[in-house]
Amino acid sequence: MAAVTPALIKELRERTGVGMGKCKEALEEANGDMELAIANLRKAGMASAVKKEGRETKEGMIGTAENEKTIAIVEVNAETDFVVKNERFKEFLENIAHEVANTNPFSLDAFLQQKYSKEPSLTVDQYRATIVQTIGENIQIKRIMTLQKSPERSFGIYSHLGGKIVTMVEITGSNQEEALAKDIAMHIAAAAPDYLSPEKVPQEIITSEKDIAKGQIQGKPANIVDKIVEGKINAFYDTNCLVRQKYIKDDSLSITDLVNQRSKAVGKELAVTNFIRWNVGQ
């Protein structure tokens with residue numbers, strides 16, 4: 001009997017798409033024989049799509065769901081855009097997004113192993129495997145994220161290109177600013193900032209940008225070089241940092257100006273404190 005090691009379980013999981021717990025059971029029942037374990041899983045109807053599980057999943061869709069406490073963002077991938085447009089795929093994405101929102105899992109791995117609430121005899125990953133069998137393509141849950149609501153936070157979510165890009169903005173200071181947050185989320189879909197603010201830019205990125213700027217300047221006095229480099233770094237911030245970007249609906253305002261304008265109007269100190277921008281396949 002071969003030892004049923006974590007590495008062996010992981011290999012079976014990767015080859016079949018079946019949950020870790022069931023893979024462990026299958027290997028133990030097969031006395032560590034990988035091929036027999038796969039055959040047994042297939043007989044049980046859990047791994048009929050073993051070959052499909054190894055196919056690349058470059059297409060996909062990002063979905064969201066929320067309840068009173070939690071917002072969930074989920075990316076599910078498939079092999080072809082044709083399947084992504086399939087109603088069964090969209091239903092699966094919606095179900096997974098709601099499951100994430102309702103259970104607030106610690107991680108993707110933990111989520112895949114937990115019981116699926118609509119069918120507790122299956123784990124979430126086993127539920128996914130049934131969809132693979134039904135649709136006939138490899139389907140993978142690529143990533144999940146949850147955000148916790150609170151009385152002092154507003155969230156805005158924007159879906160672009162049919163779920164190919166999804167953005168989210170968090171504003172602190174009020175839970176009544178969903179409209180503003182969504183306007184900024186729409187801005188992010190178009191402007192694609194890399195960082196929230198200059199303070200969030202890694203030092204190595206700043207150093208690299210300064211080196212590039214200096215390399216573009218030849219034969220000028222040191223004090224002039226410093227001023228030019230400073231100007232180029234500020235231009236970098238204006239392009240890549242959300243709070244410094246010009247608002248796409250009114251380029252006379254930066255995002256900071258927009259939020260400050262709203263703060264004065266409602267008499268509350270508002271601030272953009274977080275954002276995400278997910279692209280399918282990112």
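Student: How much space lies in the largest pocket?

Tutor: About 240 Å³. The model is predicted, so local features need pLDDT of at least 70, side-chain atom pairs count only at pLDDT 80 or more, and totals for chains, interfaces and linings use all residues. Residues are numbered from 1 along each chain as its sequence is written, and side-chain values use heavy atoms, with hydrogens and water left out. On a 1 Å grid over the protein atoms alone, a pocket is an open set of points where a 1.4 Å probe fits, with protein on both sides within 12 Å along at least five of seven lines. The points are joined across faces, edges and corners, and the volume is the space filled by probe spheres set on them.

Student: Which residues lie nearest the centre of the largest pocket?

Tutor: Lining residues have an atom within 4 Å of a point. Here there are 13, and Glu-66, Ile-71, Lys-149, Phe-155 and Glu-178 lie nearest the centre. β1, β6 (153-160) and α9 (178-191) each give two or more residues to the lining; helices (H or I, at least four residues) and strands (E, at least two) are DSSP runs, numbered from the N terminus. The largest share, five residues, comes from β6.

Student: How do the lining residues divide into nonpolar, polar and charged?

Tutor: Three are nonpolar, five polar and five charged. Ala, Val, Leu, Ile, Met, Phe, Trp, Tyr, Cys and Pro count as nonpolar, Asp, Glu, Lys and Arg as charged, and the others, Gly among them, as polar.

Student: Which residues of the largest nonpolar core touch the most other members?

Tutor: In soluble globular proteins, nonpolar side chains tend to be buried together. A nonpolar core is a set of buried Ala, Val, Leu, Ile, Met, Phe, Trp, Tyr and Cys residues joined through side-chain atoms within 4.5 Å; buried means under 20% relative accessible area, exposed over 50%, partly exposed in between (1.4 Å probe, protein chains only). This core has 26 residues, and Val-74, Val-76, Phe-89, Phe-92, Ile-96, Ile-139 and Ile-141 touch the most other members. Its largest share, seven residues, comes from α6.

Student: Which residues of helix α2 are buried?

Tutor: An α-helix has 3.6 residues a turn, so residues three or four places apart point the same way. In α2 (residues 20-29), Cys-23, Ala-26 and Leu-27 are buried. They fall within an arc of 95° seen down the axis, so they line one face of the helix; the arc is that of the directions from the helix axis to the C-beta atoms.

Student: Where does Asp-33 lie?

Tutor: In the loop between α2 and α3 (34-43). Asp-33 is partly exposed, with a relative accessible area of 37%.
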